[in-house]
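Thanks for making time this morning. I would like to walk you through the spaces inside one protein model, so please have the sequence and the 3D view open as I talk.

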Amino acid sequence: MIPFNKPYYSGDEKDYIAKAMDTKTLTGDLEIIRMCESFLENKYNFKKVFLTNSCTMALEMAAVLANVGVGDEVIMPSFTFVSTANAFALRGAKIVFADSKIDHPNMDENEIKKLITPKTKAIVVVHYAGIACNMDAIKIITQKHNLILIEDAAQCIASYHNNEALGTIGDIACFSFHETKNIHCGEGGFISINNPSLLERAEIIRHKGTNRAAFSRAEVNKYEWVDIGFSSLPSAITAAFLYAQMEQIDSVQKKRIGLWNSYFKNLNFLQESQKVQLPSIPEYASNNAHLFCLICKNEQERNSLIEFLKSKEIQAVFHYQSLHNSPFYQSKQEGRELPNAEKFSNCLVRLPLYFDLEVKDVDYICDSVISFYDCI
Ligand SMILES: *Cc1c(COP(=O)(O)O)cnc(C)c1O
């Protein structure tokens, strides 16, 4: 069986974890954590990075930093992972779901405009598959209405909007190092703070609501509870594992982009003959090869394709169930239809893409997809 995903290992993880264990200190604001954070700041030009235990946690911290609460509205796509919405629902905010574009799961900037009210406080964009949303257009909206812009950049490591790394554009951005992402540490992530006015509070929130960071710089003579907060620091074990992965990011990206291009080369004719749709990548967006997906004509065809591939020993999977139709949200929704989000929920299929996959595997998977379309 070709699995849908295999977590990447660089080979240096055990060695780096052993070195971390030798220091006999596994918790706190450690050198290895700062090494990971600096690596990201230097390579992608983030102003300030704080590692977290997940992207979900980074989103929950973002919701606190954005000061979102009861009575506020937050606009985000319906076609996204549950954590994007849950982080803001936890604060009591009203989630307002926007539809996807017709040719890509990313949120449609023209839909956002229609949903803005005096209660709107923040916009959360999700760059699906590491492909940038139209940030120039979205920034015009957030500036005009004085809204906080948050990027759910969970899938976006090493991806760009024009020349800016994703996650450097909004006030706050949240990334994931879950094992399904391009590089990972099992469970992990980070928050990037781009708006300097949020920095001081971010440092407090990450330290359980205390001014511990200021204390460790000897700026205060004791540390105290000053705000709400999170236990957000990963252990040295996790950071050591992550650093071993980060060092190899360029070779990981090279391999993944090569595999993605093989998929595209083999399957693009299916799009040209209008058998499937491939998500369109705008000229302002780079492709970090986080995932390769096809959009089938309807749900039945998509499910048949997944079954067919299973019979060929290939694990292909669908993706998000639109959140506006979820059991939790159904009673809260206003009955607005989001046809594009629903289409992607029903018709999108992701094909295997991971570091250990070989071009010959991609060729086999593509031959199988093509033989499915030859038969129907
Ligand atoms: C993976 C993912 C998350 C959650 O990441 P965790 O690190 O598992 O919490 C959130 N949003 C999107 C878009 C994701 O792809």
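This is a predicted model: local features need pLDDT of at least 70, side-chain atom pairs count only at pLDDT 80 or more; totals for chains, interfaces and linings use all residues.

**The pocket, the ligand and the cavities**

The residues lining the largest pocket divide into 11 nonpolar, 13 polar and 5 charged, where Ala, Val, Leu, Ile, Met, Phe, Trp, Tyr, Cys and Pro count as nonpolar, Asp, Glu, Lys and Arg as charged, and the others, Gly among them, as polar. Residues are numbered from 1 along each chain as its sequence is written, and side-chain values use heavy atoms, with hydrogens and water left out.

A pocket here is an open set of points, on a 1 Å grid over the protein atoms alone, with protein on both sides within 12 Å along at least five of seven lines, whereas a cavity is a set where a 1.4 Å probe fits but cannot get out; lining residues have an atom within 4 Å of a point. The largest pocket holds about 510 Å³ of space, and of its 29 lining residues, Gln-155, His-178, Thr-180, Lys-181 and Tyr-320 lie nearest its centre. Two or more lining residues come from each of α3 (55-65), α4 (82-89) and β11 (348-351), with α3 giving the largest share, 3 residues.

What takes up the space of the largest pocket? That space is taken by the ligand, which has 13 residues around it (a heavy atom within 4 Å), and Thr-56, Asp-152, Gln-155, Ser-176 and Lys-181 come nearest. By class, this shell has 5 nonpolar, 6 polar and 2 charged residues.

Turning to individual atom pairs, a polar side-chain atom of Thr-56 lies 2.5 Å from an oxygen atom of the ligand, and for a polar side-chain atom of Ser-176 the distance to a ligand oxygen is 2.7 Å. In the side chain of Tyr-320, an N or O atom is 3.2 Å from an oxygen atom of the ligand. Taken alone the ligand exposes 380 Å², of which the protein buries 93%.

About 120 Å³ lies in the largest cavity, whose lining includes His-104, Trp-260, Phe-264 and Asn-287. The lining of the largest cavity has 10 nonpolar, 2 polar and no charged residues.

Terms used: A polar contact is a pair of N or O atoms within 3.5 Å; within protein, one must be able to donate a hydrogen and the other to accept it, and residues adjacent in sequence count only if both atoms are side-chain atoms. Accessible areas come from the Shrake-Rupley method with a 1.4 Å probe; for residues, only the protein chains shown count as cover. A molecule sits in a cavity or pocket if more than half of its atoms lie within 2 Å of its grid points. Grid points are joined across faces, edges and corners, and a volume is the space filled by probe spheres set on the points. Helices (H or I, at least four residues) and strands (E, at least two) are DSSP runs, numbered from the N terminus.
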